[in-house]
Amino acid sequence: MQREAHVVRFLLDQQAVWHAHFPTLRGRTHEAIVGYLCHEGRRGATAQQLYGAIQQHFQIDDSTVRQRVADVYRLHYVLIDPPDSRVTGRTILTPSASLLTAHAAYTQDLAGKLCAAAGHPIPAGDLTEAQRISVHETLKHYTAAWLDAADRFLEAARLPPARRLEARRRLMTTSYWTLMHRAIEERYTERNEGLLADQLAASVFALNGQGNATVREHIAALLALDLFERRTDRAMRIALTPTATSAFGAMLGAFDRHLTEFAASLHPAEPEAERTTRFRTPPVDPEATLGGLRFHLAIVSPASAARRIVLTAAPLTIGRTLPADIVLPTAEVSRKHCEIRLTGGTVVATDLESTNGTFVDGVRIAAPTPLRAGGTLRIGVYEMTLEPGDRDGR
């Protein structure tokens with residue numbers, strides 16, 4: 001099986017695992033709400049913070065988000081403060097113990113699927129909190145990469161802005177997401193003969209109960225966008241178009257490397273604090289030190305993203321999607337945002353013409369700028385600091 005199909009198979013497995021643990025929460029917005037509450041909002045978040053996080057990816061209005069949150073609340077998965085009051089933007093939402101337990105079990109099973117797909121043994125015992133966060137971040141990384149590929153495809157199609165925004169919103173729904181991923185999976189099989197429309201409809205019905213007629217409307221919309229094509233020699237067989245294959249294939253191939261390395265990280269040979277989000281691991285240059293000391297770039301905020309990355313002689317790129325070495329999946333971060341490089345015994349940060357800028361010690365930089373030990377680097381909502389290790393890099 002090619003790398004692209006490997007990724008899509010895992011993502012389709014992810015849907016099945018989700019619905020096994022949360023059978024009444026069928027929408028992808030439900031997944032995003034639960035994920036946010038169990039990680040970024042674990043100790044409480046305002047409703048407005050939650051709404052903003054969901055709207056960033058799904059492009060839906062406040063009333064729709066409130067409805068989805070109400071679905072989660074009716075299952076006693078959310079606690080509100082003040083209690084027994086109408087939910088407003090200032091209401092504090094906190095995940096209940098039952099939600100945290102259910103989501104931990106879902107994450108555990110999902111990690112097992114990931115390891116099995118990558119050819120690694122399933123982790124023994126329960127995942128640590130840091131490992132559960134990493135699983136959550138991995139799915140967020142993929143969502144950001146998927147949206148980035150979709151944006152490039154829709155921009156190349158030269159659609160009017162309103163139609164492009166609507167197409168982007170649709171591609172994030174369970175129905176369209178499933179249709180696209182089933183077609184991608186078929187595209188990378190040996191036969192690659194397309195799928196019967198009824199087969200596609202059955203895949204969607206199994207997840208969200210949408211009827212055949214509705215799914216056929218969605219297939220027609222994907223045909224109109226040139227994401228799907230009819231195979232002329234096979235009545236009602238649907239396949240991914242060459243242009244769509246090109247737009248999404250490179251992203252899927254890059255993400256496969258990340259999945260494989262992440263699965264391996266669940267069986268670390270080194271202490272957990274030293275694990276890295278890097279997708280390429282270059283050999284360490286013994287000269288890549290400052291005064292004989294190895295250095296780390298530590299993400300210190302937000303707490304859910306905390307990690308330490310060992311700096312080596314190879315430049316380190318930071319961006320919103322793969323193939324960046326560190327992926328920060330938020331709209332405030334550009335696809336290629338900045339680069340960290342060891343140059344002449346100095347750690348240097350270079351902004352890569354990002355939209356929202358790179359800040360060193362609170363100042364937006366316009367040229368390569370040294371980063372001092374203990375200094376801060378800010379990219380969007382992420383704050384990092386340069387930390388010295390000992391002479392062995394610890």
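Reader: What is the mean pLDDT of the protein, and how many of its residues reach 70 or more?

Author: This is a predicted model. The mean pLDDT of the protein is 81. Of its residues, 88% reach 70 or more.

Reader: Where does pLDDT stay under 50?

Author: One stretch is residues 269-292. The model has 58 contacts beyond four places in sequence for that stretch. Another is residues 390-394, with 12 such contacts. Where pLDDT is low, the predicted coordinates should not be read in detail.

Reader: How many helices and strands are there?

Author: The protein has 11 helices and 17 strands. Buried residues account for 52% of its 394 residues. The protein exposes about 17,800 Å². Carbon and sulfur atoms supply 53% of that area.

Reader: Which share of contacts joins residues at least 24 apart?

Author: The share is 61%, taken among contacts between residues at least 6 apart in sequence.

Now to the charged pairs.

Reader: What makes Arg-42 and Glu-129 a salt bridge?

Author: Their closest N and O atoms are 3.7 Å apart. The cut-off is 4 Å between a side-chain nitrogen of Lys or Arg and a carboxyl oxygen of Asp or Glu. The distance is within 4 Å, so the pair counts as a salt bridge.

Reader: What does the pair Arg-42 and Glu-129 tie together?

Author: Arg-42 lies in the loop between α2 (28-38) and β1 (45-46). Glu-129 lies in helix α6 (residues 129-156). The pair therefore ties together parts that are 87 residues apart in sequence.

Reader: Why are Arg-42 and Glu-129 called partly exposed?

Author: Arg-42 has a relative accessible area of 31%. For Glu-129 the value is 26%. Buried means under 20% and exposed means over 50%, so values in between are called partly exposed.

Reader: How do you know that Glu-137 and Lys-140 form a salt bridge?

Author: The closest N and O atoms are 3.8 Å apart. Glu-137 and Lys-140 are 3 residues apart in helix α6, so about one helical turn separates them. Glu-137 is called buried because its relative accessible area is 5%, under the 20% limit.

Reader: What makes Arg-152 and Asp-148 a salt bridge?

Author: Their closest N and O atoms are 2.4 Å apart. This distance is also within 4 Å, so the label holds. Both residues lie in helix α6, 4 residues apart, about one turn of the helix. Arg-152 is partly exposed at 35% relative accessibility. Asp-148 is buried at 4%.

Reader: How many salt bridges does the count come to, and which residues are linked in a network?

Author: The count comes to 16 salt bridges. Arg-9, Asp-13, Arg-182 and Glu-185 are linked in a network of them.

Reader: How many disulfides are there?

Author: The count comes to 0 disulfides. A disulfide is a covalent bond between the sulfur atoms of two cysteines. By the rule used here, the sulfur atoms must be within 2.5 Å.

Reader: Are Cys-38 and Cys-115 buried or exposed?

Author: Cys-38 has a relative accessible area of 2%, so it is buried. Cys-115 has 0%, so it is buried as well.

Reader: What makes β1 and β2 edge strands?

Author: The open sheet has the order β1-β3-β2, with antiparallel pairing. β1 and β2 (78-81) each pair on one side only. Between β2 and strand β3 (residues 92-95) there are 4 bridges. Two strands pair if there are at least two bridges between them, so β2 and β3 qualify. Val-78 has Pro-95 in β3 as its bridge partner.

Reader: Which side chains of strand β8 point to which face?

Author: In β8 (residues 307-310), Arg-307 and Ile-309 point to one face and are buried. Strand β7 (residues 295-301) runs antiparallel to β8, joined by 4 bridges. Arg-308 is the bridge partner of Ala-298.

Definitions and conventions:
Residues are numbered from 1 along each chain as its sequence is written. This is a predicted model: local features need pLDDT of at least 70, side-chain atom pairs count only at pLDDT 80 or more; totals for chains, interfaces and linings use all residues. Side-chain values use heavy atoms; hydrogens and water are left out. Buried means under 20% relative accessible area, exposed over 50%, partly exposed in between (1.4 Å probe, protein chains only). Contact means heavy atoms within 4.5 Å. Accessible areas come from the Shrake-Rupley method with a 1.4 Å probe; for residues, only the protein chains shown count as cover. pLDDT is the predictor's confidence in each residue, from 0 to 100.
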